[in-house]
Amino acid sequence: MLSKEGADFTVVLKRYDIEQQVSMTPEEMAKKLLPEDEIFRKVAEEVLYMRFKTVGPTVMEALKVRDPLDVINQGLVTGMEAVAKLYAEHVYYLPEIMMAAKTMEIGIAIAEKMVPGGRESKGTVVMHAAEGDPHDIGKNIAAVMVRSSGYDVVDMGRDVPIADFIAKVEEVKPLFASGTALMTTTMSAFPAEAKILQEKGINIPLMGCGGAVNREYANSYDLGIYSEKAPQTPLIAEKIRQGYTWQQIREEWDSIVGGQ
């Protein structure tokens, strides 16, 4: 009879490809990306390690000696950027993203109360999953990334009719819009939406995302731009905020998304 005595089950139960996938642990990521300033670093670590129960007191302590906007941008947002990097490298997954986002939101809510007039938004973004498409996990992750970067997100959810999407864009006048499709039968909504937007004189970038969409397809219709991974979306959003057109985003896409 075989004996299990002395067996190292941490090795046996480890996924076979984990060593190849994971290039950096959260602790190593903290050393590399988090601020050198001890106060901002402590705030960022609360987000990185998803400490939603203790982020409040940590932020309150930081607010005694640091500007609230700096606590948000150099602490909370920096922590979320590290989380996004870990997600891109398959160290963190959806549960970690959502818990880190909740932690960040708690901290931001506290810090914003100390900002006269509140925190200024970088702009509004409309996000949705295409008509007929019930898949929205990728969209939800991207929405977290965009919100954490300082934008207001109007999340229309899944299976959004084209007419409803167009109406929402007309209503809120966003900086750009994004659509997600995981099914080849639903991704045709995006060129249809783009055509209607142009007919109405609305020439904002329309980002195509999701497993059914590739860069070539997103670039095949006017207004279309592409985001392959959720962490790329805030990088592209920043360029749009700076005044980049959808044509410029296409031309400089590789340099914009960089290592993401």
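Buried means under 20% relative accessible area. The views below are of a predicted model.

**View 1. Thr180 in strand β3.** Is Thr180 buried or exposed? Its relative accessibility is 5%, so Thr180 counts as buried. Thr180 lies in strand β3. Which residues does Thr180 touch, not counting residues up to four places away in sequence? They are His128, Ala129, Ala130, Lys139, Phe190, Cys209 and Gly210.

**View 2. The whole chain, for orientation.** The secondary structure comes to 14 helices and five strands. The chain has a radius of gyration of 20 Å, close to the 18 Å that the globule rule gives for 260 residues, so it is as compact as a globular protein of that length. Its C-alpha trace spans about 65 × 65 × 30 Å along the principal axes. Of the 260 residues, 46% are buried. Contacts between residues at least 6 apart in sequence were examined, and 71% of them join residues at least 24 apart. The accessible surface comes to about 13400 Å². Carbon and sulfur atoms hold 53% of that surface. Charged side chains number 28 positive and 38 negative. The centres of the two sets lie 3 Å apart.

**View 3. Helix α3, residues 26-33, and its two sides.** The buried residues of α3 are Pro26, Met29 and Ala30. Seen down the helix axis, these residues fall within an arc of 105°, so they line one face of α3. An α-helix has 3.6 residues a turn, so residues three or four places apart point the same way. What covers the buried residues of α3? The cover includes α4 (38-48) and α6 (68-88). On the other side of α3, Lys31 and Lys32 are exposed.

**View 4. Helix α12, residues 232-241, and its packing.** The buried residues of α12 are Gln232, Thr233, Pro234, Ile236, Ala237 and Ile240. Which elements do they pack against? Three are strands: β3, β4 (206-209) and β5. The others are helices α8 (137-148), α13 (246-251) and α14 (253-257). Just after α12 comes Gly243, with a positive phi of about 110°.

**View 5. Lys173, a loop residue with positive phi.** Where is Lys173? Its place is in the loop between α9 (162-172) and β3 (176-180). Phi of Lys173 is near 50°, a positive value in a residue other than glycine. The relative accessibility of Lys173 is 66%, so this residue counts as exposed.

**View 6. Leu223, a loop residue with positive phi.** Leu223 sits in the loop between α11 (215-218) and β5 (224-226). Phi of Leu223 is near 80°, again a positive value in a residue other than glycine. Is Leu223 buried or exposed? With a relative accessible area of 0%, Leu223 is buried.

**View 7. Glu171 in helix α9, with Tyr92.** Glu171 has its place in helix α9. At 55% relative accessibility, Glu171 counts as exposed. How many residues separate Glu171 and Tyr92 in sequence? The separation is 79 residues. In space, Glu171 and Tyr92 are 36 Å apart, C-alpha to C-alpha.

Terms used. Residues numbered from 1 in each chain as written. Predicted model: local features only at pLDDT ≥ 70, side-chain atom pairs only at ≥ 80, totals over all residues. Heavy atoms only, no water. Helix = DSSP H or I, 4+ residues; strand = E, 2+ residues; numbered from the N terminus. Rg over C-alpha atoms; globule rule 2.2 N^0.38 Å. Buried < 20%, exposed > 50% of the residue type's maximum accessible area, 1.4 Å probe, protein only. Contact = heavy atoms within 4.5 Å. Areas by Shrake-Rupley, 256 points an atom, 1.4 Å probe, with all protein chains shown as cover. Lys, Arg positive; Asp, Glu negative; His and termini not counted. Charge placed at Lys NZ, Arg CZ, Asp CG, Glu CD. Arc of directions from axis to C-beta.
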